[in-house]
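This report describes a single structure in plain terms.

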Amino acid sequence: MAANSSSTVSKPSNSTGGKQSGPSAEQVVAAFQRMRSEQRSMASKAAELEMEINEHSLVLETLKDVDPTRKCFRLVGGVLVERTVKEVLPALESNKEQISKIVESLNTQMQSKGRELTEYREKYNIRLVGEGEEGQGKSAASSNGGEGSASKGGAGVLVS
């Protein structure tokens, strides 16, 4: 993404004021970048978990028409374990539900982080480089969750 920039904070950065003095411009920018980084990492984790949900759905769809007594192999903690289809299906469904709950939680946290970022930007009058209008920056910050990280290889193995 583009480099971040901040307008100067109206308060002086000297420490003689005690309560009067606010954080320096560099500290404000560093805190803002840290919050954006946290939001991006949440978005990429949510995208990764969404891919795992899709993989679980695909496997469940494939196994639902298979004979329940048929052999099925499952990777558990790096070890390939032999099971039957009827043993694996409930575990897959349970894992899929748990992952869905985690994704919902992450999405809620991302929305909260987005609001926090917006408040922080308004408080310190932060402008992003290349930002034409303030509305564009807000929509870009809130759309981080939508883009995700599609380039990550979804070779995820669910380890419970």
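Helices (H or I, at least four residues) and strands (E, at least two) are DSSP runs, numbered from the N terminus. By that rule the protein chain has four helices and two strands, and along the sequence they follow the pattern α-β-β-α-α-α. The model is predicted: local features need pLDDT of at least 70, side-chain atom pairs count only at pLDDT 80 or more, and totals for chains, interfaces and linings use all residues. Residues are numbered from 1 along each chain as its sequence is written, and side-chain values use heavy atoms, with hydrogens and water left out.

**Confidence**

pLDDT is the predictor's confidence in each residue, from 0 to 100. The protein chain has a mean pLDDT of 78, and 69% of its residues reach 70 or more. Contact here means heavy atoms within 4.5 Å. Over residues 1-18 pLDDT stays under 50, and the model has 30 contacts beyond four places in sequence for them. Where pLDDT is low, the predicted coordinates should not be read in detail.

**Burial and surface**

A residue is buried under 20% relative accessible area, exposed over 50%, and partly exposed in between (1.4 Å probe, protein chains only). Of the 160 residues in the protein chain, 28% are buried. Accessible areas come from the Shrake-Rupley method with a 1.4 Å probe; for residues, only the protein chains shown count as cover. The accessible surface of the protein chain is about 10400 Å², and 51% of it belongs to carbon and sulfur atoms. Among contacts in the protein chain with a separation of 6 or more, 68% are between residues 24 or more positions apart.

Patches are made of residues with over 30% relative accessible area and no salt bridge, where like charges are joined within 9 Å and nonpolar side chains (Val, Leu, Ile, Met, Phe, Trp, Tyr) within 5 Å. Phe-73, Leu-75 and Leu-80 make a nonpolar surface patch of about 310 Å². Phe-73 is part of strand 1 (residues 71-76) and counts as exposed because its relative accessibility is 52%.

**Salt bridges**

A salt bridge is a side-chain nitrogen of Lys or Arg within 4 Å of a carboxyl oxygen of Asp or Glu. The whole structure contains six salt bridges.

| Pair | N to O distance |
|---|---|
| Glu-38 and Arg-34 | 3.2 Å |
| Glu-38 and Lys-113 | 2.6 Å |
| Glu-82 and Lys-71 | 3.8 Å |

Glu-38 takes part in a salt bridge with Arg-34 and in another with Lys-113. Glu-38 lies in helix 1 and Lys-113 in helix 2, so this pair ties together parts that are 75 residues apart in sequence. Lys-113 is buried, at 10% relative accessible area. Glu-38 and Arg-34, in contrast, both lie in helix 1, four residues apart, about one turn of the helix. An α-helix has 3.6 residues a turn, so residues three or four places apart point the same way. Glu-38 is partly exposed at 29%, and Arg-34 is partly exposed at 45%.

The remaining pair of the table joins Glu-82 and Lys-71. Glu-82 is in strand 2 (residues 79-84) and Lys-71 in strand 1, 11 residues apart, and the pair links distant parts of the chain. Glu-82 is partly exposed at 43% relative accessibility, whereas Lys-71 is exposed at 57%. Through shared partners, salt bridges join Arg-34, Glu-38, Lys-113 and Glu-116 into one network.

**Helix 2 and its surroundings**

The expected span of a helix is 1.5 Å times one less than its number of residues. Helix 2 has 40 residues and reaches 57 Å from its first C-alpha to its last, close to the expected 58 Å. Asn-95 is in helix 2 and is buried, with a relative accessible area of 8%. The C-alpha atoms of Asn-95 and Glu-52 are 9.8 Å apart, while the two residues are 43 residues apart along the chain.

Which residue just after helix 2 takes a positive phi? Asn-125 does, at about 55°. Most residues other than glycine have a negative phi. Asn-125 sits in the loop between helix 2 (85-124) and helix 3 (134-142) and is partly exposed at 38% relative accessibility.

Pro-23 belongs to the segment before helix 1 (25-63). Its relative accessibility is 30%, so Pro-23 counts as partly exposed. Pro-23 and Tyr-124 are 101 residues apart in sequence, with a C-alpha to C-alpha distance of 9.9 Å.
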